[in-house]
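Please look over the sequence and the structure shown here before reading on. The briefing then takes the topics one at a time.

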Amino acid sequence: MSASLPIYDLDEEILAALNRCPRLLLQAPTGSGKSTQVPQILLDGGALGNGRCIVLQPRRLAARMLAKRVAEERACALGGEVGYQIRLDNVSSRETRILYVTEGILLRQMLADPSLQGVSTIVFDEFHERHLHGDISLSRALDLQASRRPDLRLVVMSATLETGSLMPHLAPAEVLRSEGRAFPVEIVHLPYEPRDEPVWESAADAAASHFEKTPGDILVFMPGAYEIQRTIRELQNRLGSRCRILPLHGELPAIEQDKAVGRSHGRKIIVSTNVAETSLTIDGVTLVVDSGLARIARHDPARGINTLFIEKISAASADQRAGRAGRTAPGMCIRLWTARDHSRRALSETPEIKRLDLAETVLSLKAAGIRDLESFRWIEPPEPVALARAESLLHDLGALAVDGVITPVGLRMLQFPVHPRYARMFLEAEACDCVREAALIAALTQTRSLLLRSDRKTEDERQEIFGGGTSDFSVLMRALEWARERDFRMADCRALGIHAESARQASRLQEQFLQIARDLGLPTGATSPPEDRLARCILAGFADQVALRKAAGTLLCDIVHGRRGLLTRQSAAQDASLLVAAEITEIEGRDGDPKVLLGLATGIEEAWLREMFPDDFQESAEYLFDKSQNRVVQRRSRRFRDLVLEIRDRDAAPGPLASACLAGQVRIGALRLNGWDDAVEQWIHRVNFLGRICPDLGLPPLGEEEREHIRLLVCEGATCYRDIKDASVLPHARSLLEPAQQHMVDRHAPERFELPSGRRAKIVYSESADPHLSARIQDFFGLDGELRIAQARHALTLHILAPSQRPVQVTRSLATFWTETYPSIKNQLQRQYPRHEWI
DNA sequence: GAGCACTGC
């Protein structure tokens with residue numbers, strides 16, 4: 001079989017090209033045999049000299065399997081001439097000439113030995129995936145080649161010819177192309193824009209109507225587990241028991257995944273996430289139905305949180321998905337979007353370096369002596385604001401000095417192969433004498449989730465056995481200990497919804513971290529520290545993610561730096577009013593709204609904050625309220641500013657701050673006094689907004705007097721729409737609000753309403769009912785369609801209601817928003833609320 | 001009233 005590999009036709013050209021030039025770009029699709037053959041061509045052609053060829057792989061499984069196959073082809077023992085190295089698993093020796101490694105391994109090697117002694121060639125496989133570690137290793141390898149190692153040869157292999165942007169970095173370089181050996185796949189786009197129906201319905205329709213026309217299995221791509229479950233339900237309605245319908249996604253237990261991937265009697269339909277796009281291959285698929293959507297992780301440097309939204313996939317990604325229908329026979333791919341939509345999609349996915357948190361990367365570059373990050377040889381330069389964010393976090397963690405140079409603490413942190421936040425936690429653990437526990441916590445965050453999503457009964461049982469602490473980490477730690485005591489036995493673990501393989505992996509990682517800690521001289525003896533010592537360690541790494549519950553009955557929290565989020569429902573930190581979240585992720589809820597979720601939370605106490613960060617506290621308390629002027633003055637944002645205000649206000653009601661606020665001297669919303677400010681403003685805006693966009697509702701705009709009525713009402717304790725409506729004391733305000741309610745879609749979500757045209761709309765916060773302003777923003781973002789603008793506190797959400805489409809949502813960070821559009825909104829508001837002081 | 005893609009040191 002390997003004799004027919006297309007790559008063989010290129011062997012002489014590859015060797016000749018590398019003789020002419022030490023850089024080669026090889027474009028070859030999956031299935032061309034490049035991953036197994038190119039290293040052998042180099043070795044057998046004498047291109048390696050006495051050195052070793054390192055082959056970079058994006059996935060552990062691939063690194064191991066490729067090494068195994070090549071060792072077999074060469075009839076040598078794995079770990080001899082051919083080997084592999086992945087985390088915690090090194091099968092190589094001094095004799096190894098071809099070494100398959102995952103991308104992070106090479107980066108660690110470069111830190112330990114910057115000139116890569118003994119390496120003659122590096123092959124970057126699957127480079128088109130553009131992982132962060134792959135990008136950085138190529139940059140550093142090019143740097144090395146240009147400075148100390150002109151003999152080093154670099155081969156970049158990529159499935160797509162997105163070489164346009166890559167070539168300038170590699171030039172001068174040789175370029176070669178090879179064909180794949182896949183079967184043709186016919187691609188069908190929708191002839192017209194899709195109707196207003198959920199994607200799982202269109203997908204089920206497409207799969208069901210082609211079920212008889214295609215001979216093999218069907219693969220449906222969906223963005224996530226929820227959509228998968230809905231699709232499966234729809235398919236069952238349409239096809240009944242005519243075939244098996246199986247889900248496939250990363251959080252599924254291995255046994256379920258095997259069922260979807262493996263061979264089976266009879267036909268099947270697999271409904272999968274992106275795992276089936278690159279990581280898992282399924283043979284026998286002849287029809288792919290592609291929703292064209294995926295959940296994409298990004299890091300928002302302006303807010304310092306991670307986001308996970310459903311986005312349209314790129315053309316390259318769609319091609320990769322389509323290719324899954326042609327592995328064993330000619331196939332077909334139905335795309336649930338139009339050709340017109342397709343032509344406007346991005347050519348390839350945004351590289352990770354433009355999407356992810358760069359703290360760890362920046363720290364390693366600083367350690368390599370790179371002072372000026374802007375002039376580093378980026379394959380694709382990251383956003384300056386992302387670099388700045390990373391540097392400021394590293395500075396806060398004590399890893400970088402004021403001049404941007406790495407500190408001794410930073411160098412110690414770098415020894416731990418984890419995000420700098422967790423590395424910082426390790427160093428704090430030394431002082432708290434709980435290194436063992438810190439190692440466990442860090443390990444638990446490095447594996448895929450230990451606790452599987454389970455039914456209510458299993459979750460209650462887990463709560464019974466592992467609950468009782470004030471930290472989500474303590475639940476995970478107990479679950480891991482429990483699994484370890486049972487030797488990670490599959491049956492035991494499954495009964496409590498514990499992912500046995502994750503538990504085993506976490507346990508081994510803990511050992512790795514403990515070894516590193518011992519090497520650094522940290523005490524790793526077995527202690528059983530009180531929970532609060534551990535909480536302080538977590539706080540050291542996540543001081544900028546402290547949150548305060550708004551009230552005992554709600555999961556809503558204020559997070560430092562003016563952010564907001566929801567504590568996860570099942571959190572162990574639910575009883576704490578002050579907490580630190582190790583994970584802040586903004587996701588797209590089922591109703592399409594963005595929601596910030598606080599995960600991996602730990603309850604903390606204000607006294608610890610005061611002890612650990614006395615400076616922050618001092619400054620916030622002293623300067624925020626200027627007694628001599630009896631007003632609040634602007635201060636540079638400090639770490640705990642917002643939260644300290646709240647804490648103080650709870651202690652001392654009504655206090656001078658409250659009086660100032662009530663007297664209208666302070667901008668409403670700048671101070672949060674039990675939420676009344678926001679509530680008032682939002683109600684006023686809602687009514688005014690409704691009145692403007694739906695003139696036929698007959699809602700007169702609220703004047704000063706009505707506004708005052710509502711404000712007083714809310715001050716008296718009303719917190720929601722119903723309270724206002726039911727209050728009999730203010731009939732005028734009530735009569736204004738009632739018609740508004742008739743147009744509400746859902747009384748639990750009063751901001752949703754129906755336009756007279758039948759379209760649905762939604763207001764979160766609308767400062768821009770002014771049509772002129774609306775047009776400006778529309779212009780600014782370059783959007784078509786009718787536009788409504790909703791501003792949450794930290795993100796600008798645009799709801800676009802194009803004819804016969806579901807609302808489309810575009811969220812932008814406020815950074816862009818502030819500089820471009822805010823001044824105009826502010827002017828408008830200042831005119832509207834002249835009595836308020838703006839800070 | 002519950003919410004979350006995929007990798008990797």
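**A helix across a sheet**

Helix α11, residues 315-323, lies across β9, β10, β13 (285-290) and β16, and its direction makes an angle of about 145° with β16. The model is predicted. The points below cover the sheet, another helix and the surroundings of a DNA strand.

**The sheet**

- The open sheet has six strands in the order β9-β16-β13-β10-β12-β11, and their pairing is parallel.
- Its edge strands are β9 (185-190) and β11, each of which pairs on one side only.
- On average, neighbouring strands of this sheet are turned by 15° against each other, direction ignored.
- Strands of a sheet pair through backbone hydrogen bonds, in either a parallel or an antiparallel way.
- Strand β16 spans residues 331-338 and runs parallel to β9, to which six bridges join it.
- Within β16, Met 332 stands opposite Glu 186.

**Helix α8**

- Helix α8 covers residues 225-239, which makes 15 residues.
- From its first C-alpha to its last, α8 reaches 21 Å, close to the 21 Å expected at 1.5 Å a residue.
- Which residues of α8 are buried? They are Tyr 226, Glu 227, Ile 228, Thr 231, Ile 232, Glu 234, Leu 235 and Leu 239.
- The buried residues of α8 pack against one helix, α7 (199-209), and against the strands β10 (217-221), β11 (244-248), β12 (268-272), β14 (293-300) and β15 (305-312).
- Gly 240 follows α8 and has a positive phi, near 55°.

**Around DNA strand B**

- How many residues surround DNA strand B? There are 31, and the closest are Arg 60, Gly 250, Ala 297, Glu 360 and Lys 595.
- Sugar or phosphate accounts for 63% of the atoms of DNA strand B within 4 Å of the protein, and bases account for the rest.
- A polar backbone atom of Gly 250 is 2.3 Å from a phosphate oxygen of DNA strand B.
- In the side chain of Arg 295, an N or O atom is 3.1 Å from a phosphate oxygen of DNA strand B.
- In the side chain of Arg 108, an N or O atom is 3.5 Å from a base oxygen of DNA strand B.
- The elements that give two or more residues to the surface near DNA strand B are α4 (103-112), β14 and β21 (594-603).
- Of the elements, α4 gives the most to this surface, with three residues.

Note on methods
Residues numbered from 1 in each chain as written. Chains lettered and ligands numbered in written order. Predicted model: local features only at pLDDT ≥ 70, side-chain atom pairs only at ≥ 80, totals over all residues. Heavy atoms only, no water. Helix = DSSP H or I, 4+ residues; strand = E, 2+ residues; numbered from the N terminus. Expected span 1.5 Å × (residues − 1). Buried < 20%, exposed > 50% of the residue type's maximum accessible area, 1.4 Å probe, protein only. Contact = heavy atoms within 4.5 Å. Pairing = 2+ DSSP bridges. Axes fitted to C-alpha atoms, helices over the stretch in contact; angles between N-to-C directions. Near = heavy atom within 4 Å. Polar contact = N/O pair within 3.5 Å; in protein donor to acceptor, adjacent residues only side chain to side chain.
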